[in-house]
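I opened a new notebook page for this protein.

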Amino acid sequence: MKRKSKSRYAILGMISLKPMSGYEIKQSIESSIGYFWQESYGQIYPILKELHTEKLVTSKTRKVGKANEKIVYRITEKGEKELTTWLEEQYEEESYRNELLLKLFFGKKVSLEKNLSQLAKRKKSIEQNIEHFESLYQKTKETLAKNKNLNYWLSTLEYGIEIKKAELRWLSNTQKKFLEEN
């Protein structure tokens with residue numbers, strides 16, 4: 001049996017929140033789950049076509065302005081069932097790739113300054129991520145206080161915040177070790 005792409009479930013999930021066009025799905029992914037899951041237009045549109053063929057979504061063309069149209073997709077009962085079935089399944093562990101760790105593994109081949117520069121760059125990025133996630137957490141908590149999905153959405157932001165804080169601690173400890181070594 002052919003393994004189904006997880007992307008189809010990300011797209012079904014987005015449409016389950018409200019009917020959307022392909023463009024709106026992309027925007028919604030970027031502003032919500034984009035911190036841990038990405039989809040390109042090149043993935044979204046073929047999957048929408050597949051979901052439509054399988055009768056997991058319906059589509060309706062809506063006029064936008066005088067000359068433009070957009071296709072809005074709505075999840076069907078069959079689509080809701082497939083999404084729920086997938087949500088109830090155990091998740092699959094995914095492989096992990098990290099270029100910074102790869103470079104550090106072989107880091108003795110370059111200068112200490114180069115390694116420290118890599119760590120400093122990542123540290124600055126992580127600090128910005130934490131600031132952004134914490135701000136987004138507060139904004140989400142305030143603006144979506146009555147949304148039934150709030151605790152689920154906040155839990156993904158909490159995960160991001162905690163992972164980034166742990167990475168920040170690791171970066172600081174690693175910088176310290178490298179400096180003590182030399």
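I began with the surface: the protein exposes about 13,500 Å² (Shrake-Rupley method, 1.4 Å probe). Carbon and sulfur atoms supply 53% of that area.

I noted where the model comes from: it is predicted, local features need pLDDT of at least 70, side-chain atom pairs count only at pLDDT 80 or more, and totals for chains, interfaces and linings use all residues. Residues are numbered from 1 along each chain as its sequence is written, and side-chain values use heavy atoms, with hydrogens and water left out.

Then I listed the elements. I found 7 helices and 3 strands; these are DSSP runs, with helices (H or I) of at least four residues and strands (E) of at least two, numbered from the N terminus. From the N terminus on, the order is α-β-α-α-β-β-α-α-α-α. The radius of gyration is 21 Å, well over the 16 Å of the globule rule for 182 residues, so the protein is more spread out than a compact globule. That radius is taken over C-alpha atoms, and the rule is 2.2 Å times the number of residues to the power 0.38.

Which strands pair in the antiparallel sense over 8 bridges? I found S2 (residues 57-64) and S3 (residues 68-75). Pairing needs at least two DSSP bridges between two strands. Thr 61 has Ile 71 in S3 as its bridge partner. S2 and S3 form a hairpin with 3 residues between them. In the turn, Gly 65 has a positive phi of about 70 degrees.
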